[in-house]
Amino acid sequence: MSKFEIKMPKLGESITEGTIVSWSVQVGDTIQEDDVLFEVNTAKVSAEIPAPVAGKIIEILYKEGDTVPVGTVVAVVDMAPDEAPDPGAPSDNKTVEEVKPASDALPTEGKSGTDTLSAATAEERWYSPVVLQLAREAKIPKDVLDTIPGTGYEGRLSKKDIKNYIAGRSQGEMKPSQPVTNASPAPKAAPVAAKPAPSASPVGSSDTQVVEMDRVRKIIADHMVMSKKVSPHVTNVVEVDVTKLVRWREKNKEEFFRREGVKLTYMPAIAEATAKALSTYPQVNVSVDGYNIIYKKHINVGIAVSQNDGNLIVPVVHDADRLNLNGLAVAIDSLAQKARVNKLMPDDIDGGTFTITNFGSFKMLFGTPIINQPQVAILGVGVIEKKPAVVETPEGDVIAIRHKMYLSLSYDHRVVDGSLGGNFLHFIAEYLENWE
């Protein structure tokens with residue numbers, strides 16, 4: 001018997017555990033390489049975990065709803081179920097980390113019209129032998145194969161994806177199949193971490209209903225409480241005249257959409273101002289470890305997004321200071337779209353050094369946001385409103401209608417003092433007020 005151990009994968013740099021949402025197989029099932037084994041849910045992303053080998057499921061060690069540390073064996077596959085074991089032969093136990101896609105492991109075609117589906121594919125986009133074989137049989141060239149969206153782990157093209165595409169093409173649909181939104185049930189009351197048990201279970205009365213938080217909401221709740229305990233929060237608020245920015249957007253939004261293919265919102269401008277402020281005041285682009293201040297070499301701006309299920313997620317624009325306004329707009333739009341359909345990958349949410357949250361999308365004037373640990377500051381953006389304001393002119397002061405909004409900055413008073421926080425916030429305000 002040749003056993004292969006399936007381990008809980010590491011779905012991100014800071015991810016230490018995952019919750020098994022659902023199993024797609026049972027003990028005794030025969031599986032093929034790339035078949036979906038189970039769905040895992042972490043604090044920020046969900047992913048379907050495919051089988052790296054073919055064989056027979058001989059053991060499932062955790063049930064649906066269990067929270068399992070990264071690297072823990074969750075299932076065992078017999079890779080040679082029809083072979084009689086040799087008592088004298090050494091055991092051949094493998095783990096998921098030992099199996100890597102190698103160019104010599106990928107089948108190739110001879111001189112057929114699809115010989116582009118060769119080992120070289122592994123260097124660009126990895127495909128399992130099963131997917132490659134199906135593509136060859138259906139005579140799908142490599143350039144077309146590369147355009148088919150994958151719904152597997154890390155965006156891999158699964159056997160289900162290629163079969164859906166082939167079936168759609170046979171019915172006259174020439175476009176690649178679209179990723180299928182996961183509709184698996186929510187995790188079953190999996191604990192986020194060891195917590196003291198409540199003294200008594202909540203009991204609803206005739207006019208109330210008790211609903212337990214889902215896993216993501218539990219993590220958000222714990223994270224917010226931890227942030228308030230760890231960081232002494234201070235919030236500053238400033239009113240900003242963004243009339244120039246509003247007029248510029250109105251003038252350029254249609255042309256921008258034709259050129260870039262995304263709507264021009266105010267967030268790219270705010271993100272640009274924030275990135276430049278972080279570059280000017282690197283003391284805000286830090287984290288705290290005990291009595292040590294850790295200065296970040298990259299400016300990675302997270303943008304808080306509300307998901308369709310009511311939970312909150314913060315995808316990250318990496319190296320935001322190196323992107324122009326167009327690049328920021330495309331990056332923010334792409335991340336927001338992926339966040340709302342739960343298609344963010346681990347890299348999309350890792351490494352944030354500063355966060356922006358937009359209260360204005362809910363018509364709020366301003367708020368006092370909670371710092372996204374281990375960061376030391378977060379910017380809150382209020383709604384833009386028309387207001388009468390005193391404007392200085394060469395002929396004297398006049399009252400005019402201006403577009404104004406509030407910006408609020410919550411910061412960790414352990415490392416950010418009032419002077420630094422105020423200067424940082426005013427830098428962003430002046431950048432937006434003098435928009436060109």
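The crossing of helix 7 and helix 10 is right-handed, where right-handed means that the near helix is turned clockwise from the far one by less than a right angle, and left-handed that the turn is anticlockwise. The helices and strands named here are DSSP runs numbered from the N terminus, with helices (H or I) of at least four residues and strands (E) of at least two. Axes are lines fitted to C-alpha atoms, for helices over the stretch in contact, and the angles between N-to-C directions run from 0 to 180 degrees. On the helix 7 side, the contact (heavy atoms within 4.5 Å) involves Ala 269, Ile 270, Glu 272, Ala 273, Thr 274, Lys 276, Ala 277, Leu 278 and Thr 280, while helix 10 supplies Phe 424, Phe 427, Ile 428, Tyr 431 and Leu 432. By class, the residues of this contact are ten nonpolar, two polar and two charged. Here Ala, Val, Leu, Ile, Met, Phe, Trp, Tyr, Cys and Pro count as nonpolar, Asp, Glu, Lys and Arg as charged, and the others, Gly among them, as polar.

The model is predicted, so local features need pLDDT of at least 70 and side-chain atom pairs count only at pLDDT 80 or more, whereas totals for chains, interfaces and linings use all residues. Residues are numbered from 1 along each chain as its sequence is written, and side-chain values use heavy atoms, with hydrogens and water left out.

For orientation, the protein has ten helices and 20 strands. Buried residues make up 43% of its 436 residues, with buried meaning under 20% relative accessible area, exposed over 50%, and partly exposed in between (1.4 Å probe, protein chains only). Of the contacts with a separation of 6 or more, 63% are between residues 24 or more positions apart.

Helix 7 also meets helix 8 (residues 325-340), with axes that come within 9 Å and cross at roughly 115 degrees. This crossing of helix 7 and helix 8 is right-handed. Met 267, Pro 268, Ala 269, Ala 271 and Glu 272 of helix 7 make the contact with Leu 325, Leu 328, Ala 329 and Ile 332 of helix 8. The contact of helix 7 with helix 8 has eight nonpolar residues, no polar residues and one charged residue.

Helix 8 packs against helix 6 (residues 243-260) as well, at an angle of about 70 degrees and with the axes 12 Å apart. Helix 6 and helix 8 are therefore roughly perpendicular to each other, and their crossing is right-handed. Trp 248, Phe 256, Arg 259 and Glu 260 of helix 6 contact Leu 325, Asn 326, Ala 329 and Val 330 of helix 8. Five nonpolar, one polar and two charged residues make up the contact of helix 6 with helix 8.

Turning to the strands, strand 8 (residues 73-78) is largely enclosed by the rest of the structure, because six of its six residues are buried. Strands pair if DSSP finds at least two bridges between them. Strand 1 (residues 3-7) runs antiparallel to strand 8 and is joined to strand 8 by five bridges, with Lys 7 opposite Val 73. Strand 6 (residues 55-60) is also antiparallel to strand 8, over four bridges, and here Glu 59 stands opposite Val 76. Strand 6 in turn pairs with strand 3 (residues 30-31) in the antiparallel sense over two bridges, and Ile 31 stands opposite Gly 55.

Several loop residues are also worth a look. Most residues other than glycine have a negative phi, and most peptide bonds are trans. Asp 34, in the loop between strand 3 and strand 4 (36-41), has a positive phi near 85 degrees and counts as buried at 3% relative accessibility. Lys 363 has a positive phi near 65 degrees and is exposed, with a relative accessible area of 66%. The loop between strand 17 and strand 18 contains Lys 363. Pro 374 is found in the loop between strand 17 (354-358) and strand 18 (377-381), and the peptide bond from Gln 373 to Pro 374 is cis, with omega near 5 degrees.

Note on methods:
Angles under 35 degrees count as roughly parallel, over 145 as roughly antiparallel, 65 to 115 as roughly perpendicular and the rest as oblique.
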